[in-house]
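Please look through the sequence and the 3D structure shown here, and keep both in view while you read.

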Amino acid sequence: MLSRRAVLAAGLCCPGAGHAKEAARADDRFRAFIAALRPDAAARGVSPQTFDAAFRGIVAPDAAVLARTRRQSEFVRPVWDYLVGAASAGRITRGRARAAALAQTIQAIEGRYAVPGPVILAIWGVESDFGASAGDVPTIRALATLAEAGHRGTLFRDELLAALTILQRGDVAPERMSGSWAGAMGQVQFLPSTYLAHAVDFDGDGHRDIWTSAPDSLASIAAYLKDLGWDPALSWGYEVRLPEGFDLARYTGDLASFSERGVRRTDGGSLPTRGRASLFLPGGRTAPAFLITGNFEVIRGYNTSDSYALAVGHLADRLGGGPPLATSWPTASGLDGPGLRKLQAGLASAGFYDGPTDGRAGPKLREAVRRYQISAGLPADGYATSGLLAHVEGRPAPKP
Ligand code: CA
């Protein structure tokens, strides 16, 4: 059979045939990739029937998914920009309404997993706006596209095999398995491997349904946080006010020691007398200051971003009836992705940083910035600015 595609592929006609030929080759590679997956899927117990049903009608990569991998922004939004959107007034209102409607379910989930309802709700809110926007990209095709392209090594190939395992277990029909372009599924945005390890059937219908069941979604979030090590005795953290002359170089310690040093919660509540915390100044010295506990790191286990963890923590506080932040955010922003990469390189060559040069802020870079600031006699707020980059690179500080 000589199809139109084959004619194009052979370069037998038409202007632009070279492009079509390349597209056809890409489709051939994609189909060969799927065929080569079959024995690995079988080894995991995926039947030929499940395999064929999963890939029915999938004959070419998803161009929109590939476009998204190329569009990953270099620009890093300031923490507060993300926070304002993630914990907007509308989302707080919607979340409180959902909390009221699901009060009994949430109480039962809290009882079983010992994770606070507002934290579970906050993650549900940030991931899918409480189930309203779970994403409608077909998961199998998205994962196959990313896997065949070799995006992030073999990660997506492994996730694709995990997704096939989920289909084999009958938790969801292939056409209902959907989510984000990057393979995160349903209302809780679990990758398939996370689903296999942590998702639960809370409503008792025999299926772990993170696509349409609110009880399963909420309980799956709670189970994951519990498995990541959520400490029920502690909050995620607190917005705090630092006393005049507070020594920023001593930024970790017992919560009790922070109390002794004059650190106070901005909402007037008292700090716990047990547990450890560290000071987090995501906008520098003059911006909101937080004491964060190990539970902040647990939230980062769900999604490894400071902005995400802070947004979830703050949204949880608001859903639980807490006030808005007491301190204003600065107008000057921190470094963007390329700036952070330069800073990582500079701190690495000065011997303060041994992490990846990936342009991402996080605990490791913050720690390096603080150690640099301490050694240079600067206030140790751990905040990466263009002024700090200039200091590290031995240049005069840029004008604001
Ligand atoms: Ca269920």
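What follows goes from the whole chain to its sheet, then to its aromatic rings and finally to its metal site.

This is a predicted model, in which local features need pLDDT of at least 70 and side-chain atom pairs count only at pLDDT 80 or more, while totals for chains, interfaces and linings use all residues. Residues are numbered from 1 along each chain as its sequence is written, and side-chain values use heavy atoms, with hydrogens and water left out.

The chain holds 18 helices and 7 strands, where helices (H or I, at least four residues) and strands (E, at least two) are DSSP runs numbered from the N terminus. Along its principal axes, the C-alpha trace spans about 80 × 55 × 35 Å. Of the 400 residues, 48% count as buried; here buried means under 20% relative accessible area, exposed means over 50%, and partly exposed lies in between, with a 1.4 Å probe and protein chains only. If we take the contacts with a separation of 6 or more, 64% of them are accounted for by residues 24 or more positions apart, a contact being heavy atoms within 4.5 Å.

We can now turn to the sheet. Strands of a sheet pair through backbone hydrogen bonds, either parallel or antiparallel. In this model, 5 strands form an open sheet in the order 4-6-7-3-5, with antiparallel pairing; two strands are said to pair if DSSP finds at least two bridges between them. Strand 4 (252-254) and strand 5 each have a single partner strand and stand at the edges, so one side of each is left without a neighbour in the sheet. Strand 4 is joined to strand 6 (residues 276-280) by 3 bridges, and the two run antiparallel, with Thr252 standing opposite Ser278 in strand 6.

Strand 3 pairs with strand 7 (residues 289-292) in the antiparallel sense over 4 bridges, and Glu239 has Phe290 of strand 7 as its bridge partner. Strand 3 is also joined to strand 5 (residues 264-265) by 2 bridges, again antiparallel, and here Arg241 has Arg264 as its partner. How much of strand 3 is covered? The strand is mostly covered, since 4 of its 5 residues are buried. Leaving aside neighbours within four places in sequence, Gly237 is in contact with Leu291, Ile292 and Thr293. Gly237 and Ala277 are 40 residues apart in sequence, and their C-alpha atoms are 7.9 Å apart in space.

The next topic is the aromatic rings. Rings of Phe, Tyr and Trp (its six-membered ring) pair if their centres lie within 6.5 Å, and planes under 30 degrees apart count as stacked, over 60 as edge-to-face and the rest as tilted. By this rule there are 13 aromatic pairs. In one of them, the rings of Tyr224 and Tyr302 have centres 5.2 Å apart and planes at 50°, so the pair is tilted. Tyr224 lies in helix 12 (residues 214-227) and Tyr302 in helix 14 (residues 294-302), so this pair ties together parts that are 78 residues apart in sequence. Tyr224 is buried, with a relative accessible area of 10%, and Tyr302 counts as buried at 10% relative accessibility. The rings of Phe352 and Tyr372 have centres 5.3 Å apart and planes at 80°, so this pair is edge-to-face. Phe352 is in the loop between helix 16 (337-349) and helix 17 (363-376), whereas Tyr372 is in helix 17, 20 residues apart. Ring pairs also link Trp80, Trp236, Phe280, Phe290, Phe296 and Trp329 into a cluster.

The last stop is the calcium ion, which is coordinated at 2.2 to 3.1 Å by Asp201 (OD), Asp203 (OD), Asp205 (OD), His207 (O), Asp216 (OD) and Asp216 (OD). Donors are N, O and S atoms within 2.8 Å of the metal (3.2 Å for Na, K and Ca), and water is not among the atoms, so sites may look incomplete. In sequence, the donor residues are spaced D-x1-D-x1-D-x1-H-x8-D. Why is the arrangement of donor atoms called irregular? The 6 donor atoms subtend angles of 45 to 163° around the calcium ion, which makes the arrangement irregular; four donors count as tetrahedral if all angles lie between 85 and 135 degrees, four count as square planar and six as octahedral if opposite donors are over 155 degrees apart and all others between 65 and 115, and anything else is irregular.
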